[in-house]
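Please examine the sequence and the model shown below. The paragraphs that follow lead through selected features of the backbone and the strands.

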Amino acid sequence: MDRCRFCGGGDRWIKTCRTLSDEIVRCCDPCYETLRKVLVIVPGEHTVFARCDSCKGFVNPREIVPGTLRPAGWKEAYGGTCRMCVLYGSEPPWNFRALEWSGY
Ligand SMILES: [Zn+2]
Ligand SMILES: [Zn+2]
């Protein structure tokens, strides 16, 4: 598993970034927050997402409840049940309604 260049931590969804000196490094979220002025995320190289089986929403794999996470069978994609569906049930599409409620 790739480790954060700066703190040695991170998870499997760690970012890939380019530094000002054109070096490609792996960087975890907290370090990226600190170093975002000198780091540029390399786009497309490592796009990972997960699709929730319940609400059919595309979410960050971190939002998938760990026990339900599984490879979706296609490139860099995962499936499972997202945290919100586990918490609030899958009455669809709760996520779009939540957006309406919040005024977006
Ligand atoms: Zn880090
Ligand atoms: Zn869901």
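Is Lys 56 buried or exposed? Lys 56 is exposed, because 12 other C-beta atoms lie within 10 Å. By the criterion applied here, a residue is buried if 20 or more other C-beta atoms lie within 10 Å of its own, exposed if 12 or fewer, and partly exposed in between, with C-beta atoms placed from the backbone.

This is a predicted model, in which local features need pLDDT of at least 70 and side-chain atom pairs count only at pLDDT 80 or more, while totals for chains, interfaces and linings use all residues. Residues are numbered from 1 along each chain as its sequence is written, and chains are lettered from A and ligands numbered from 1 in the order in which they are written.

Lys 56 belongs to the loop between strand 4 (49-52) and strand 5 (58-59). Strands (E, at least two residues) are DSSP runs, numbered from the N terminus, as are helices (H or I, at least four residues). Although Lys 56 is not a glycine, its phi is positive, at about 60°. Most residues other than glycine have a negative phi.

Asp 22 also has a positive phi, of about 70°, and is not a glycine. It is found in the loop between strand 1 (15-19) and strand 2 (24-27). These two strands form a hairpin with 4 residues between them. Asp 22 counts as exposed because it has 7 C-beta neighbours inside 10 Å.

Strand 1 and strand 2 pair in the antiparallel sense over 4 bridges; two strands are taken to pair if DSSP finds at least two bridges between them. Within this pairing, Thr 16 stands opposite Arg 26 in strand 2, and Cys 17 stands opposite Val 25 in strand 2. In a regular strand the side chains alternate between the two faces of the sheet.

Finally, Asp 11 lies in the segment before strand 1. Asp 11 is partly exposed, because 13 other C-beta atoms lie within 10 Å. Its C-alpha atom is separated by 7.4 Å from that of Cys 28, 17 residues apart along the chain.
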